[in-house]
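Dear colleague,

Please find below the sequence and the structure that I am handing over to you. My account of what was found follows directly after them.

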Amino acid sequence: MGLRVAVVGSGPAGSSAAEVLAKAGIETYLFERKLDNAKPCGGAIPLCMVDEFDLPQKIIDRQVRKMKMISPSNIEVNIGETLKNGEYIGMCRREVLDGFLRNRAAELGANLINGTVYQLDIPDNDRDPYTLHYADHSNGAVKGEMKTLKVDLVIGADGANSRIAKAIDAGDYNYAIAFQERIRLPEDKMAYYEDLAEMYVGDDVSTDFYAWVFPKYDHVAVGTGTMKVNQADIKKLQAGIRKRAAKRLEGGEIIKVEAHPIPEHPRPRPIRGRVALVGDALGTVTKSSGEGIYFAAKSGRMCAELIVERSQNGQKVPTEKDLKDFLKLWNKEYGATYLVLDILQRVFYRSDATREAFVEMCADIDVQKMTFDSYLYKTVVPANPLVQMKITAKTIGSLIRGNALAP
């Protein structure tokens, strides 16, 4: 009998994992609690993801070629001059992107189950199967029909509140809250955001990250992220971004309000036995930029590719050591990226003075080029030594002028 794998959660991480497994002919079960789930998320994806994950243009609402970075004192810096023809940041609605990836995995052979996984029974040896207890909602009932499924291996892609993570005692992590309003604007106001996105920084809009106005198909997503998880603080910060962007949002109608936890760092024990975590369940959101979609999808794909390889296309059961090699590969590939973005957040997001310095630095063409290249293609191409020295000097100068180096 061949390998049987359960993937719990069908966001970008879970669907990307299921697709790889199904393509390899491995018996794959993909669980999703809500097939119409619309996760609150800025929805920005890098250009490389469009090609790498073979995404059709129809799921991309907007091709953003211009960005405004707006400082605490409302100084605006236009970014995007370095983009070449054909380069853009894709803006998606998560329900559209996730639905496409999920359905493609199912078309390739993954068994899609509309169900809520409540419990994972872990065997006391490395041979017996894992048992998933779940409510099957395919009959339309909210409670669903209770069922069980036995599998050889489990991929937990069920988000920041992962039940699979709890089942394997993966450990907790700090998390932020993303809060977002979708606002439908009058045509003239929407035209302003045709191919433009805005990022606002300041203690009034986010104490830890940035706030955003990102254009979608027929509306804009206006939101903020914060480590302060109490409702009063979140409402205050959202009121802050609404106030800062007020003139551009005049006449807008709120069509949806949403909030969701976002992990701040990886879980301490994301692999146990034949269970591995990917995406938000693992903790793959980057610091500073708060980017999660690409890295979630990439983590699911990399984990599944290793399973295919080590199982010899489903002929044998991978071990815990095999799955831990996925994490080694992940850290080798992206460890430096996470470290750099963590440092940037610590330096530039600690006060309004440092945020002013950050926005000033973004006006530099060399900084813009390096930033866009690293975001769009996920490969940091080192600048030549003279340019690198210039960027370093520019950074230090901005920090000094903003009195940001003071303790």
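**Strands that pair**

Strands β8 and β9 (residues 130–136) run antiparallel and are joined by six bridges. Within this pairing, Q119 stands opposite H133 of β9. Please bear in mind throughout that this is a predicted model.

Strand β8, which covers residues 111–121, also pairs with β2 (residues 27–32); here the sense is parallel, and there are four bridges. In that pairing, Y29 has N111 of β8 opposite it.

A further sheet is open and has three strands, in the order β3-β7-β4, with antiparallel pairing. Its edge strands are β3 (44–45) and β4 (62–64), each of which pairs on one side only. Strand β4 is joined to β7 (residues 89–91) by three bridges, and the two run antiparallel.

**The chain as a whole**

The chain contains 12 helices and 18 strands. Its radius of gyration is 22 Å, close to the 22 Å that the globule rule gives for 407 residues, so the chain is as compact as a globular protein of that length. The C-alpha trace spans about 65 × 50 × 40 Å along its principal axes. Of the 407 residues, 57% are buried.

**The nonpolar cores**

Which residues have the most contacts inside the largest nonpolar core? They are F31, L55, I155 and F326, in a core of 102 residues. Helix α8 (residues 293–310) supplies the largest share of this core, with 11 residues. Apart from this core lies another, of 14 residues, which includes I183, Y200, A245 and L249.

Leaving out residues up to four places away in sequence, I155 touches V5, A6, V7, V8, A17, L21, A276, V278, C303 and I307.

Helix α1 covers residues 12–23 and has 12 residues; from its first C-alpha to its last it reaches 16 Å, close to the 16 Å expected at 1.5 Å a residue. Is α1 largely enclosed or largely exposed? Because 11 of its 12 residues are buried, α1 is largely enclosed by the rest of the structure. Among these buried residues are P12, G14, E19 and L21. The elements that the buried residues of α1 pack against are β1 (4–8), β2, α3 (94–107), β11 (153–156), α7 (279–282) and α8. Just after α1 comes G25, with a positive phi of about 85°.

Helix α11 covers residues 365–377, which makes 13 residues, and reaches 18 Å between its first and last C-alpha, close to the 18 Å expected at 1.5 Å a residue. The buried residues in α11 are V367, Q368, F372, D373, Y375 and L376. At the N-terminal end, α11 is capped by D364, which has a side-chain oxygen 3.0 Å from the backbone nitrogen of D366. After α11 comes K378, which has a positive phi, near 55°.

Y338 is placed in helix α9 (residues 320–348). Its relative accessible area is 17%, and Y338 is therefore buried, the cut-off being under 20%. Apart from its neighbours within four places in sequence, Y338 is in contact with T284, V285, T286, F295 and W330. Y338 and D169, by comparison, are 24 Å apart in space, C-alpha to C-alpha, and 169 residues apart in sequence.

Q180 lies in strand β12 (residues 175–184). Q180 has a relative accessibility of 1% and so counts as buried. What joins the side chains of Q180 and W212? The two side chains are joined by a polar contact of 3.0 Å.

A colleague

Notes: Residues are numbered from 1 along each chain as its sequence is written. This is a predicted model: local features need pLDDT of at least 70, side-chain atom pairs count only at pLDDT 80 or more; totals for chains, interfaces and linings use all residues. Side-chain values use heavy atoms; hydrogens and water are left out. The expected span of a helix is 1.5 Å times one less than its number of residues. Buried means under 20% relative accessible area, exposed over 50%, partly exposed in between (1.4 Å probe, protein chains only). A polar contact is a pair of N or O atoms within 3.5 Å; within protein, one must be able to donate a hydrogen and the other to accept it, and residues adjacent in sequence count only if both atoms are side-chain atoms. Two strands pair if DSSP finds at least two bridges between them. Contact means heavy atoms within 4.5 Å. A nonpolar core is a set of buried Ala, Val, Leu, Ile, Met, Phe, Trp, Tyr and Cys residues joined through side-chain atoms within 4.5 Å. The radius of gyration is taken over C-alpha atoms; the globule rule is 2.2 Å times the number of residues to the power 0.38.
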